[in-house]
Amino acid sequence: MSKDLTEDNDPNRRHVLGATTLALAFAAFAGQARAAAPVPAAFDALKQINAGVLDIGYVEMGPKDGAAVLLLHGWPYDIHAFAEVAPRLAAAGHRVIVPHLRGHGTTRFRATETPRNGQQAALAMDGIALLDALGISRAIVAGFDWGARTADIMAALWPERCKALVSVSGYLIGSQKANAAPLPPGAELQWWYQFYFATERGRAGYAANTEAFNRLIWTLASPKWTFDDATFARTAKSFANPDHVDIVIHNYRWRLGLAQGEAKYDDLEVKLAAGPPITIPAITMEGDANGAPHPDPAGYAKKFTGKYAHRLITGGIGHNLPQEAPAAFAQAVIDVDRF
């Protein structure tokens, strides 16, 4: 059942952090952490496949002839956000594919001359290229953060390749033009790190303090999630990717029009700037304790023109919804497949 949220920010300006939230986050570091959940062995035995411009590292679980599900993580996260989701879906008969996005984990660029591009269309094309490489004609696409935006774009531009969609925080497709419009001061404050990344000092700071920076983001975005050191360390290994800093910095600079994208994506970006509807069956989700800026579901509901439902997940669930509420996320995937 839908429930309106109080944030009313640009859906693409997602992630963190007013002064009050900052204070709460630092206090949370001293809180009692819960034990990390066991991780299936499959998450330690990654596969690699050439797909488009990338050699993509991914986990695969479940029967080969099962209905395919592509699970897409965000920043600063990795495939382990789905460590408890993937086994549930595999047990339900799905073929589950969980890739590292460009700039994360074992995913690498196949050529040194390929631009280290983090624009939204490039990530969406990575998803299509992966489906092609795996011989998957159609899949349920599901994700959060960058992964939700990527899944949204795939669903909007290639509905013939996407059976259904699960998207945390809803419709996240944007454009440089839309992002050029200033927000109220309080909302701009929440985007401190985007402006930090726009500077060379920010790039150097992120490169020098990647793990500390990303742990702070985790805490701010999910203020009630008491993850332990082992849980964070498992994902932090993925930030050691040689392209990680380049991809993250380019992603946020591109959003503000401070970095160019690739010309081959221009036509796609024109289509995305128009805010295309999502016509396939969809479930959007939100956590009741998401510390990142996120849109009101009422503001994007009309973008979903197929069968559609919104779910608010309660219990102190933050931005990393699949890892914080894996049963709810997996159930949404199972349910949307039946729409």
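**Entry 1: ground rules**

I noted that this is a predicted model, in which local features need pLDDT of at least 70, side-chain atom pairs count only at pLDDT 80 or more, and totals for chains, interfaces and linings use all residues. Residues are numbered from 1 along each chain as its sequence is written, and side-chain values use heavy atoms, with hydrogens and water left out.

**Entry 2: the whole chain**

I looked up the elements and found 15 helices and 9 strands in the protein chain. Helices (H or I, at least four residues) and strands (E, at least two) are DSSP runs, numbered from the N terminus. Next I checked burial: 60% of the 339 residues count as buried. Buried means under 20% relative accessible area, exposed over 50%, and partly exposed in between, with a 1.4 Å probe and protein chains only. For contacts (heavy atoms within 4.5 Å), I took those between residues at least 6 apart in sequence, and 82% of them join residues at least 24 apart.

**Entry 3: helix H15**

I turned to helix H15, residues 326–336. It is largely enclosed by the rest of the structure, because 8 of its 11 residues are buried. Among the buried ones I listed Pro326, Phe329, Val333 and Ile334.

**Entry 4: H3 against H4**

How do the axes of H3 and H4 cross? I found that helix H3 (residues 120–134) and helix H4 (residues 146–157) have axes that come within 9 Å and cross at roughly 70°. That makes H3 roughly perpendicular to H4. Axes are lines fitted to C-alpha atoms, for helices over the stretch in contact, and angles run from 0 to 180 degrees between N-to-C directions. Angles under 35 degrees count as roughly parallel, over 145 as roughly antiparallel, 65 to 115 as roughly perpendicular and the rest as oblique.

H3 passes H4 in a right-handed crossing. I looked up that term too: a crossing is right-handed if the near helix is turned clockwise from the far one by less than a right angle, and left-handed if anticlockwise. On the H3 side, I saw Gln120, Leu123, Ala124, Gly127, Ile128 and Leu131 meeting Trp146, Arg149, Thr150, Ile153 and Met154 of H4. By class, this contact has 7 nonpolar, 3 polar and 1 charged residues. Ala, Val, Leu, Ile, Met, Phe, Trp, Tyr, Cys and Pro count as nonpolar, Asp, Glu, Lys and Arg as charged, and the others, Gly among them, as polar.

**Entry 5: H9 against H10**

I compared notes with a second pair. Helix H9 (residues 210–221) and H10 pack at an angle of about 125°, with their axes 11 Å apart. That makes H9 oblique to H10. H9 passes H10 in a right-handed crossing. Glu211, Asn214, Arg215 and Trp218 of H9 make the contact with Asp229, Thr231, Phe232, Thr235 and Ala236 of H10. These residues divide into 3 nonpolar, 3 polar and 3 charged.

**Entry 6: the loop between H10 and H11**

Which residues does serine 238 touch? I placed serine 238 in the loop between H10 and H11. Leaving aside neighbours within four places in sequence, it is in contact with Asp78, His100, Gly103, His104 and Gly105. A polar contact of 2.6 Å joins its side chain to that of aspartate 78. A polar contact is a pair of N or O atoms within 3.5 Å; within protein, one must be able to donate a hydrogen and the other to accept it, and residues adjacent in sequence count only if both atoms are side-chain atoms. Serine 238 counts as buried, at 4% relative accessibility.

Proline 242 is in the loop between helix H10 (229–236) and helix H11 (244–255). I found proline 242 exposed, with a relative accessible area of 57%.

**Entry 7: threonine 107**

I found threonine 107 in the loop between strand E4 (95–99) and strand E5 (108–109). It counts as buried at 1% relative accessibility. A polar atom of its side chain lies 2.8 Å from the backbone oxygen of histidine 100.

I noted a cis peptide bond from tryptophan 75 to proline 76, with omega near 0°. Aspartate 145, which is not a glycine, has a positive phi near 60°.
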